[in-house]
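Here is a short briefing on selected side-chain contacts. Keep the sequence and the 3D view open as you read.

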Amino acid sequence: MKILVCISHVPDTTSKINFTNGDSEFDTNGVQYVINPNDEFGLTRAIWFQEQQGATVTVVNVGGPETEPTLRKALAIGANEAIRVNATPTDGFFVAKQLADVIKNGDYDLVIAGKESLDYNGGMVPGMIAGILSYNFINSCTGLTIEGTAVTAMREIDGGKETDSTSLPLIIGGQKGLVEEKDLRIPNMRGIMTARSKALTIVEPIDAPVNTKAVKFEKPAPRSAVKLISPDNLDELIDLLHNEAKVI
């Protein structure tokens, strides 16, 4: 079984976020980047298939040279090889077209992507890829077993979980639950050294339209100061809730 894991290169949640050029561009100065958490769950599940069923695991990213340390980390975790599409991932459809071309040329059986990336939270790329290639697609996937070409998957739905049966080739949008957080892998020294000799192939992007662009970014409003009201002063509490907070 050939597995392709789509990897997004995203800012660490502890990074301080700023914008430049009139709040039209993200300021990357001092920002630490990591593997997108939803993608990391998918990568760990792919490594399980590698170890238990002899699958080969390739990771892919659409991005510039700055994303290669993230791909190398994925290789250190256990992926067999990596592909970087040499383009800026500015638009979901553009990214989906690039990834679909890689999938078509690589003849992959299973494509694992995170259901959404931590930075844009668009949640559109996995479904777009499936639409472009006419592959089976399961989103919000929290469980996955494969026997031959038969697939049983569990996905999160409003108010519960759903179990689906389908077949390869398949694209999933994975999330937490695909593996548990305790099962996520930290690269060891052997993995880091081995990753240096694994193939990282750079391919040029295909022509594809960029249909959207970010015009302006805006930070959430800072939290206001907390007002403490004596539990004996209910009249003041009600007045503030009604006239200032306007929640009653």
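**Salt bridges and one serine**

E51 is partly exposed, because its relative accessible area is 46%, between the 20% and 50% cut-offs. Keep in mind that this is a predicted model. The structure holds six salt bridges, and E51 takes part in one of them, with R185.

**The E51–R185 bridge**
- The closest N and O atoms of E51 and R185 are 2.6 Å apart.
- R185 is partly exposed, at 30% relative accessibility.

**Two further salt bridges**
- E162 pairs with R155, and their closest N and O atoms lie 3.4 Å apart.
- E162 counts as partly exposed at 28%, and R155 counts as partly exposed at 22%.
- D183 and K182 also form a salt bridge, at 3.4 Å from N to O.
- D183 is partly exposed, with a relative accessible area of 35%, whereas K182 is exposed at 70%.

**S117**
- S117 lies in the loop between β8 (110-114) and α4 (125-133).
- S117 is buried, because its relative accessible area of 16% falls under the 20% cut-off.
- The side chain of S117 makes a polar contact of 2.7 Å with the side chain of D119.
- Leaving aside residues up to four places away in sequence, S117 touches S8, V10 and N36.

Key:
Residues numbered from 1 in each chain as written. Predicted model: local features only at pLDDT ≥ 70, side-chain atom pairs only at ≥ 80, totals over all residues. Heavy atoms only, no water. Helix = DSSP H or I, 4+ residues; strand = E, 2+ residues; numbered from the N terminus. Buried < 20%, exposed > 50% of the residue type's maximum accessible area, 1.4 Å probe, protein only. Polar contact = N/O pair within 3.5 Å; in protein donor to acceptor, adjacent residues only side chain to side chain. Contact = heavy atoms within 4.5 Å. Salt bridge = Lys/Arg side-chain N within 4 Å of Asp/Glu carboxyl O.
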